[in-house]
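Please examine the structure below with attention to how its parts pack against one another.

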Amino acid sequence: MQKKNLFKAVYLIIVTLISFSASAQQKHIFSLGKEAFLLDGKPYQIISGEMHPARIPHAYWRQRIQMAKAMGCNTIAAYIFWNYHETSPGVFDFKTGNHNIAEFIKICQEEGMWVLLRPGPYVCAEWDFGGLPTSLLKIPDIKVRCLDPRYMNAVTKYVQQLAKEVAPLQCSGGGPILMVQVENEYGSYGNDEAYLETLRKLWLDNGINVPFYTADGPTPYMLEAGNVSGAAIGLDSGGSDADFDEAKKHNPDVPAFSSETYPGWLTHWGEKWAKVDTASIVKEVKWLLDNKKSFNLYVIHGGTNFGFTAGANAFSPTAYQPDITSYDYDAPINEQGRATPKYYALRNLISQYVSYKIPPVPAAIPTIEIPAIKMEKFASIWNMLPSPIQSPQPKPFEDFDQNQGCMLYRTTLTGHKSGTLTITEPHDYALIFLDGKFIDTIFREGGKWSVKLPKTDSKNPVLDILMEGMGHINFAQYMIDRKGITDRVTLNGMTLMNWQIYPLPLDDKFIVSVKQTSLDGPAKGLFFKGKFNLSAAGDTYFDMSQYTKGNVYVNGHNLGRYWSVGPQHSLYCPASWLKKGENEIVVFDLLQEEAADVSGVKTLN
């Protein structure tokens, strides 16, 4: 009897697995009706929540997708960041950790979710350079988001590589991808119809056969300039009859949907936290549900701009607004993956409209506190300088294949030795030193790019400018945004020549190489280190409120940038980057001169 029951159980498991496999591979036809999206010929309402695989720790991908499903979504929208996958020119990574986009899409399918793919090549997304590789900026006169052949050559290689990963995952082949977006909000940037059509044809030539869509603001000029023939019209955002009527005027033969409905918003350094009222977003989503409009919540979960991935905005030649490290976004699912009151309000609303069963909310990821970690000064950037590169004039980071981090520019003053020093243009934050003495800082925002150099008794005074890059502009017309000193330095109008340049990328490889050094020299640009023991790992936020401006590395992982101007004063660290036993934290601070304790707290502050 026991054997019989065992065989029966095994048989049922095999049948279930075969059934699941067949279901997972079932092919579907997703098409564009005149008014609605059609799935296998029947009207289908997309209720999507957007999240970005690169911003979510790989270990938490499934939990975040489950959270979206438990809020009532049936679809996940995902940006793919080109510069995250093309790690250096011609070298692509679609396999390791967070880079494995095919795995993310397959997990969506395993969790019963469809996918809207947003592959760019440009995506905006408050991401460094809008997802474009900064290696393009090494080309002095590069033009992006158009048919510049050098740009399009790089785009073509990207599309070819990404298509290999995602084409087999289209719903037409049994995968979950319903639609693919062409470019992103192009009507806010340019009007090259041939460029957009070339992109569409590139995807077609590389095996993409599901429908395409665009995403633009619901205004006549944006919809006209961002148009792709035959593509569904995404509205960023669409929340009224007027918005959808505008789309209908533009093309009455394809459906429109709200491709970015905003439950939250972005925050820059030095601002107050951006907040979106729960009542207002519930009202907007209710209108969409009442009118049977498809929509995508941008974002349902934001995640984190780990490392040097945060972008920036600029709407004038002298403006610069870098984004904070957290991409919490005041989203329904917060940075740490927990449900907020906004989440439960939207979940309750959506449950009143959908016919499918909404699953229970997954358990929250455990959090931990870490008692004060004693930090010590252990190295100075001034005692770690590589061999200098000689240059008649300063050159930007990208000329040396460096994305962000820091770069030191050094020259000996001849002729003028004091007076008004001007950097044109400083991208983005500069520390000025004269004969090793700290003079002042310059921040790019606002165009105040001059400081006074005092008189010196030195016959040959040495000028040092330590530059920090803080994120490439990701939106609008000022996107060609090289880092470092991008033109020249003058003293009382005289152009300073004959520079020594020291690249200091502060990337993972660089940080591993940091060894204890003497601490003589300028009292800025210091490394601090601490060790701490854990009985068990858990999510935490490292409280950096006692430090000034820099980056934090935990067990070799770059958590991102902190800055005392706020509003963010703690940095998210997932449990998967911690371990039972001894852990190490390294802080590089541009301005801090003395060590201060660091602790782990449970919430973002």
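This is a predicted model: local features need pLDDT of at least 70, side-chain atom pairs count only at pLDDT 80 or more; totals for chains, interfaces and linings use all residues.

**Packing of helices and rings**

Helix 2 and helix 4 cross in a right-handed sense. The axes of helix 2 (residues 61-70) and helix 4 (residues 101-110) come within 10 Å, and the angle at which they cross is roughly 40°. Angles under 35 degrees count as roughly parallel, and 65 to 115 as roughly perpendicular. Helix 2 and helix 4 are therefore described as oblique to each other.

Which residues make this contact between helix 2 and helix 4? On the side of helix 2 they are Trp61, Arg62 and Ile65, and these meet Glu103, Phe104, Ile107, Cys108 and Glu110 in helix 4. Sorted by class, the contact comprises five nonpolar and three charged residues, with no polar ones.

After helix 4 comes Gly112, which has a positive phi, near 75°.

A second pair of helices may be described in the manner of the first. The axes of helix 9 (residues 278-290) and helix 10 (residues 341-351) come within 10 Å, with a crossing angle of roughly 20°. Helix 9 and helix 10 are therefore roughly parallel to each other, and their crossing is right-handed. Helix 9 contributes Thr278, Ile281, Val282, Val285, Lys286 and Leu289 to the contact, where they meet Lys342, Ala345, Leu346, Leu349 and Ile350 of helix 10. By class, eight residues of this contact are nonpolar, one is polar and two are charged.

Attention now turns to the aromatic rings. The structure holds 37 aromatic pairs. In one of them, the ring centres of Trp382 and Phe433 lie 4.9 Å apart and the ring planes stand at 75°, so the pair is edge-to-face. This pair joins distant parts of the chain: Trp382 belongs to the loop between strand 17 (376-380) and strand 18 (389-391), whereas Phe433 lies in strand 21 (residues 429-434), and the two are 51 residues apart. Are Trp382 and Phe433 buried or exposed? Both residues are buried.

Ring pairs can also join into a group. Tyr79, Phe81, Tyr84, Trp127, Tyr262, Trp265, Tyr298, Tyr327 and Tyr329 are linked by such pairs into a cluster.

Terms used
Residues are numbered from 1 along each chain as its sequence is written. Side-chain values use heavy atoms; hydrogens and water are left out. Axes are lines fitted to C-alpha atoms, for helices over the stretch in contact, and angles run from 0 to 180 degrees between N-to-C directions. Helices (H or I, at least four residues) and strands (E, at least two) are DSSP runs, numbered from the N terminus. Angles under 35 degrees count as roughly parallel, over 145 as roughly antiparallel, 65 to 115 as roughly perpendicular and the rest as oblique. A crossing is left-handed if the near helix is turned anticlockwise from the far one by less than a right angle, and right-handed if clockwise. Contact means heavy atoms within 4.5 Å. Ala, Val, Leu, Ile, Met, Phe, Trp, Tyr, Cys and Pro count as nonpolar, Asp, Glu, Lys and Arg as charged, and the others, Gly among them, as polar. Rings of Phe, Tyr and Trp (its six-membered ring) pair if their centres lie within 6.5 Å; planes under 30 degrees apart count as stacked, over 60 as edge-to-face and the rest as tilted. Buried means under 20% relative accessible area, exposed over 50%, partly exposed in between (1.4 Å probe, protein chains only).
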